[in-house]
Amino acid sequence: QPGSDDTCLEKLLDWLRCLAALDPTMELVQDNPCLTELITSVLALPEPSPSILSFTLRLAGILAASENRFQHLQQEKLLVRLFGRDGPLNSAVWEDASVRSGWVEGVHSMMHHQPALHFLCSGGGIDVIFSLQGDPSLFVASAASQLLVHMLTFSVEFETTKPLSTKDCDWPACAQMIIKRIEDSLQSSSASHIEQSLKLLTSLFGSCHATWTEALWLGIAKQIESFLTEETVQAQHLLVNLLLNMAWSPVFYDTEGSFWPLVTSALEHLTPVQAGPLAVGILRIYKCPQDVRIQALTVLLQPMDCILRAASQPLEYAGLLDESVSDPITVESLLSSKSSCVSLLCQTLGHLEELLSLIYLPVNLPFTSLLRSLMTILQFCNGFLSPASPLGSTISRILINCFRVQRSALDVLAALSAKKGCDMLIESLFDVLLAYLESPNTSPIVLKKTFQATSKWLMRLQELSYSNSQWQQTEKILGDVFLVLQKRLCSPCWEVRDSSLEFLTVLIERLSDQDEFRQTLLSSEVPRLTENLLEDPESYVRASAVTAMGQLAFITYFAPESPVAGNQYNKESAVAKLQEILSTDPEGFPRRAVISIFTEWLRQGCTGQLEDTEQFVSRVIQTVEHDLDWEVRLGGLELVKSFCNQTICQLGLPKCPYVPVTSAVTRSTHQSELLQIFCRAKLFSFLFRSLCDCDKPVGQRACDILLGLRNAFYPNSTLEHSQGTGDSPASHGIAWLQRTLRQGSLAQNFPTDGSNGVDFQDPESMMLALGTIDLEELHDELNKSSDHVEKSPQSLLQDILATVGTTEENEADCY
């Protein structure tokens, strides 16, 4: 009926698609005549609704995917009325994109046998599909292009009996029609037709790597090459995508063909901005001729070489290139223009970072010269370099305070820290980095990037200090860094304070084992300033301060001997401050940071002897279990999991594979002691309450921990769930507990007065609970996702729309 629920139609189509795939015979149509009756009744409507007609087109395509059913629908003259010239093509309803989309999808569904292919080719369907490539709906245009690729591939692979050449007569009829249309479009004066055919070819060469694609290429190669020199055709970005897809195809690996010379020609004729993506794509391909790879690298490095040469006249150091692929004046003119300089440099730097991130670099980059060029760019950007050349002066004026270029250059700089050959420039490099760290003109986002690059190069500096014994240089640089850090921790800008704390945390994590680093850190004001920031008005900063203090504690509180005499820091005071944040901070970020730090301390064995750790964990989880932030509660469960694993290993139970259990008596003694520890710490009440947490991840983690505990206490037993309850009060309490857990209502009805007979601090009751309650059933129920009833993209969209509430206003954006 008009106005039928689209969701219902989609579900019906999905069901029929599965049914048709399972049963390709005629029986599906013969046993269900309502299917063809539905198609007939829709065709009889004078003005069918677009959604119903689209549904019918897709339904017919699904049924016609089987050759037998196709012939039946043909005899009934249904397909020609749907997909032929007399169908919706020439009606007003064709203006609706959903109808055109249904037509394309229906054709694609039936395109699994030769009769369907011939039906479409003989009925003018090829022309329709080619015209739909330029459809105003991007979904329809993309689907039409994919359909042509499928039809061409299907025609060639199922209708040829011998290898193909470039002669028309060797191609099957349908393939010949498609190829002729492609060739005509490429030779036309219509820019849109050329673009559509280039996109079609790009998709074809990207998805099909059959040998016949080379025969197709040979017929159009000269026309494609002419686009590189024709100024009237602006399709260079499409050519780049086409050439890269072809370069990845094994068909064109052979260096004797015409493909690689065309790539070389493209690298020469495209502008530096257009050639950059092609160059970096080629450099990522291993099976590539060496001369092409060198040329691609030259294209990529040319802007960096120009920067280096513009910095001083005559050139003080060796450049990056011995010779260039294209005219250097082209690059110089781009760098001299404010509109193109920044975009060219950002693109080049992005490509270089992409290359440096590869595990195996297929080319040798001139790392030292590249580092010099990066330092030059950064000095141009902050005005610390006064170039002698006119070009350098122009570039410097363009780049001053350009944070886009600064960010990109710092990313590449950080990536270079892992490469060999830059050691001789490290002192000059830190001069540049420190200038950025000290400058008040450095924007917060650039400062963050500078901190990231500095941390990586400090680690590189530590490696060099070991190998070259350059301790004095390292100490001086570390001292300068901490002087700057002290200032930045007092910045009025919260983003700067936050980035400074993150930088400090990374340094402690990676360099805390170095004596020079520890001494420099603890002799500075950084620890005191970090502690002060625990009371920062900005919650992000407080969270970062918590994390930094947590890492700092490994040096100041938990080190066997403090590296600085008279260390004024007090462990108990620090723990008390963090516990206060956990219980009183109004924002979730600092509380999450505290629970993460406590868990890290516990894992590292920094919370004292077993008794102290037990009290510490108990205090923390009693605070956490009432927290309104589910991530804090989840963090509390991680703390409990670590505590359980450590305690089990320390007492020698089988949970720890490295500690043998000598006898059953020993096991029983250890089990009893372990249960008492867990009950005193009030772990079980926290875990069972968490099972019914309103946030599913909390319940899932609690169940995982309880299953692990049960396996530790019952390593070899076959448990009979729900059958171990007798007449004792404890047994009745466990029965109530199991029923309550199944109802998922424990969090709301948690007993606080023992009225239900459950004592969560009684070892015997908890042993009985672990052995009785069906935790596997709870685990399965908790892990059952909300889409177990209905799992489909349509269902997800319904959920989103239902959440939004106002369907009419948001439906298009949602889809």
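Reader: Leaving aside its neighbours within four places in sequence, which residues is Q133 in contact with?
Author: Once the neighbours within four places in sequence are set aside, Q133 is in contact with A141, A144, S145, L148, Q196 and L200, where contact means heavy atoms within 4.5 Å. This is a predicted model, in which local features need pLDDT of at least 70 and side-chain atom pairs count only at pLDDT 80 or more, while totals for chains, interfaces and linings use all residues. Residues are numbered from 1 along each chain as its sequence is written, and side-chain values use heavy atoms, with hydrogens and water left out.

Reader: And where does Q133 lie?
Author: Q133 lies in the loop between α9 (125-132) and α10 (138-159); helices here (H or I, at least four residues) and strands (E, at least two) are DSSP runs, numbered from the N terminus.

Reader: Is Q133 buried or exposed?
Author: Q133 counts as buried because its relative accessibility is 9%. Buried means under 20% relative accessible area, exposed means over 50%, and partly exposed is in between, using a 1.4 Å probe and protein chains only.

Reader: What about α9, which of its residues are buried?
Author: Helix α9 is mostly covered, with six of its eight residues buried, and these are G125, I126, V128, I129, F130 and L132. The buried residues of α9 pack against α7, α8, α10, α11 and α12 (191-207).

Reader: You mentioned α7, so how many residues has it, and how far does it reach from its first C-alpha to its last?
Author: Helix α7 (residues 97-110) has 14 residues and reaches 20 Å from its first C-alpha to its last, which is close to the 20 Å expected at 1.5 Å a residue; the expected span is 1.5 Å times one less than the number of residues. The buried residues of α7 are V99, R100, G102, W103, V104, G106, V107, S109 and M110, and they pack against α4 (50-63), α5 (67-75), α6 (78-83), α8 (114-122), α9 and α10.

Reader: Zooming out, how many helices and strands does the protein have?
Author: The protein has 41 helices and zero strands, and of its 815 residues, 52% count as buried. Among the contacts between residues at least 6 apart in sequence, 69% join residues at least 24 apart.

Reader: How many residues are in the largest nonpolar core?
Author: The largest nonpolar core has 264 residues, and those with the most contacts inside it are W103, I224, I282, F678, F688 and L709. Helix α17 (residues 290-311) gives the most to this core, with 12 residues. A nonpolar core is a set of buried Ala, Val, Leu, Ile, Met, Phe, Trp, Tyr and Cys residues joined through side-chain atoms within 4.5 Å.

Reader: Leaving aside neighbours within four places in sequence, what is L709 in contact with?
Author: With those neighbours within four places in sequence left out, L709 is in contact with C644, I648, F678, F684, L687 and L770.

Reader: Switching to helix pairs, at what angle do α11 and α13 pack?
Author: Helix α11 (residues 173-187) and helix α13 (residues 212-226) pack at an angle of about 10°, with their axes 10 Å apart. Axes are lines fitted to C-alpha atoms, for helices over the stretch in contact, and angles run from 0 to 180 degrees between N-to-C directions. The two helices α11 and α13 are therefore roughly parallel to each other, since angles under 35 degrees count as roughly parallel, over 145 as roughly antiparallel, 65 to 115 as roughly perpendicular and the rest as oblique.

Reader: Which residues in α11 and α13 meet?
Author: I179, E183, L186 and Q187 in α11 meet L216, G219, I220, Q223 and I224 in α13. The residues of this contact divide into five nonpolar, three polar and one charged, where Ala, Val, Leu, Ile, Met, Phe, Trp, Tyr, Cys and Pro count as nonpolar, Asp, Glu, Lys and Arg as charged, and the others, Gly among them, as polar.

Reader: And how far apart are the axes of α14 and α16?
Author: The axes of helix α14 (residues 236-247) and helix α16 (residues 272-283) are 9 Å apart, and the helices pack at an angle of about 10°. Their contact is made by Q236, V240, L243, L244 and A247 of α14 and Q274, P277, L278, G281 and I282 of α16.

Reader: One last thing: what is the phi of N401?
Author: N401 has a positive phi of about 60° although it is not a glycine, and N401 is placed in the loop between α21 (390-399) and α22 (403-416).
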